[in-house]
Number of protein chains: 2
Amino acid sequence: MKMSSTSRRLLLFSNSSMAGEEYLQFASSLINQFKDGWGMSKALFIPYALRTHEDYTEKVKKAFHPFGIEIEGIHKAEDPVAAVRSAKAIFVGGGNTFQLLKGLYDHKLIDPIRKSVLQEGVPYVGWSAGSNVATASICTTNDMPIVHPPSFHALALVPFNINPHFVDADPNSTHMGETREQRIEQYHEIEGMPPVLALREGSFLEVHDDSAFLRGRSGAKLFRTGKPVEAFEPEANLSFLLESS
Amino acid sequence: MKMSSTSRRLLLFSNSSMAGEEYLQFASSLINQFKDGWGMSKALFIPYALRTHEDYTEKVKKAFHPFGIEIEGIHKAEDPVAAVRSAKAIFVGGGNTFQLLKGLYDHKLIDPIRKSVLQEGVPYVGWSAGSNVATASICTTNDMPIVHPPSFHALALVPFNINPHFVDADPNSTHMGETREQRIEQYHEIEGMPPVLALREGSFLEVHDDSAFLRGRSGAKLFRTGKPVEAFEPEANLSFLLESS
């Protein structure tokens with residue numbers, strides 16, 4: 001069944017920075033390309049994935065300053081729910097996914113963010129953990145469970161999961177821990193789990209209403225229960241992933 | 001404060017198998033060296049970390065057969081709690097740590113296993129996820145959170161955490177995801193978190209009452225809040241880790 005047309009503008013990055021570059025240099029210049037069209041001259045930043053909210057927000061502020069995108073940290077708001085309700089754009093940074101999702105639950109932000117993004121059309125930009133929490137659940141994060149959120153269900157701005165920082169298995173490795181693919185396959189051994197879009201570093205997903213396109217430089221793999229793994233190149237149309245099952 | 005002397009016999013492996021070897025070949029031959037001294041001719045196996053309990057138990061049975069260690073899968077028991085209470089040894093296999101811990105909670109096995117191991121002196125052998133659940137919490141597992149256990153607190157047979165399959169950072173890597181060390185450091189940014197013993201593949205910990213020794217071939221690193229990371233070679237005495245803080 002096709003979802004009814006949803007107002008939605010999302011940029012979901014695998015990662016924020018490439019090796020040897022300044023923090024957020026890679027992602028911020030790409031985000032800037034959407035600034036005027038999506039009206040993102042000012043964004044509410046959610047720094048809960050790291051514990052140093054003020055330092056983190058300052059780093060992000062500095063990265064977006066050259067593009068004229070003004071960043072306001074939600075940790076400074078007296079009423080975080082009100083801050084979400086009045087935000088013109090919502091940026092959610094990486095770090096630890098469990099910590100981030102617990103922060104969203106603790107501050108009762110799940111429903112307000114969903115409402116802003118899906119009903120009011122407020123742009124949502126996430127990278128790494130910030131992409132994980134935008135999806136159906138955080139069940140395919142790579143992070144350590146350093147805190148215990150009340151649920152792994154997340155913002156469900158899209159009806160599938162993302163695995164950020166995806167790495168293909170190294171055929172020469174002698175390491176015996178599970179490969180990333182094996183971990184995702186273990187997830188799909190559980191009945192009824194949604195597709196997992198595995199974004200290599202340098203990839204991001206652009207979602208506009210009911211359209212989704214793979215962007216960036218490095219492609220992605222799609223894991224679905226009972227189907228062979230599919231590979232997608234940059235610019236692939238992934239809108240079919242927005243149809244709920 | 002030193003813990004009062006605790007009856008306890010544990011073997012906690014980073015991993016079960018080395019590259020190019022049969023499943024469990026590495027660990028089973030080492031476990032066999034404790035068989036007579038610890039009375040482990042028969043063991044109750046807990047296969048909850050994988051979903052194919054019967055297949056998993058058969059594989060483990062086959063690996064221990066050459067050593068005359070008889071394996072019985074807990075999934076066949078009508079009353080899993082009674083099975084734990086009557087077990088002469090408890091073996092807990094790897095797979096997904098979240099699934100394993102949820103299985104222990106679902107079957108109400110946390111307290112019965114603690115009682116058998118810490119009060120009755122029943123030997124406990126774990127590898128990979130089976131080592132994670134033996135410790136204070138599963139907060140330093142490498143696995144994906146594919147199911148949601150009611151808590152991350154685990155069996156607490158020792159008062160610290162383990163990170164199995166530990167890998168040192170590759171200085172030449174351009175991957176931007178957190179290194180294992182960075183993930184453990186994020187855990188220690190939370191106040192009051194216990195030490196984390198990071199066991200490289202090929203390492204295991206032998207605990208006998210209030211003594212703990214690092215065994216195997218590859219050494220370990222110890223992470224503690226506010227202290228520099230320490231490296232330990234095989235045969236190191238780690239008994240100080242059994243003192244609760």
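Buried here means under 20% relative accessible area, exposed means over 50%, and partly exposed is what lies in between (1.4 Å probe, protein chains only). Strands (E, at least two residues) and helices (H or I, at least four) are DSSP runs, numbered from the N terminus.

A quick word on bookkeeping: residues are numbered from 1 along each chain as its sequence is written, and chains are lettered from A and ligands numbered from 1 in the order in which they are written. Since the model is predicted, local features need pLDDT of at least 70 and side-chain atom pairs count only at pLDDT 80 or more, while totals for chains, interfaces and linings use all residues; side-chain values use heavy atoms, with hydrogens and water left out.

Which strands pair with β5(B)? Strand β1 (residues 9-13) of chain B does, in the parallel sense and over four bridges; two strands count as paired if DSSP finds at least two bridges between them. Within that pairing, B:L10 has B:Y124 as its bridge partner.

Over in chain A, strand β2 (residues 42-46) has four of its five residues buried, so it is largely enclosed by the rest of the structure. β2(A) pairs in the parallel sense with strand β3 (residues 70-73) of chain A over four bridges, and A:L44 has A:E72 as its bridge partner in β3(A). Three bridges join β2(A) to strand β4 (residues 90-92) of chain A, again in parallel, and here A:L44 stands opposite A:I90.

Most residues other than glycine have a negative phi. A:K108, however, has a positive phi near 55°; A:K108 sits in the loop between α4 (97-106) and α5 (110-119) of chain A and is exposed, at 64% relative accessibility. B:D209 is not a glycine either, yet its phi is positive, at about 55°. B:D209 lies in the loop between β8 and β9 of chain B and is partly exposed, at 30%. B:D210 is in the loop between β8 (203-208) and β9 (211-216), but is buried, at 16%. The side chain of B:D210 makes a polar contact with that of B:R8 (3.2 Å). A polar contact is a pair of N or O atoms within 3.5 Å; within protein, one must be able to donate a hydrogen and the other to accept it, and residues adjacent in sequence count only if both atoms are side-chain atoms.

How do the chains relate? Chain A can be laid on chain B with an RMSD of 0.0 Å by a turn of 180° and a shift of 0.0 Å along the axis. The two copies are therefore related as by a two-fold rotation axis. Superposition is by least squares on the C-alpha atoms of residues with pLDDT of at least 70 in both.
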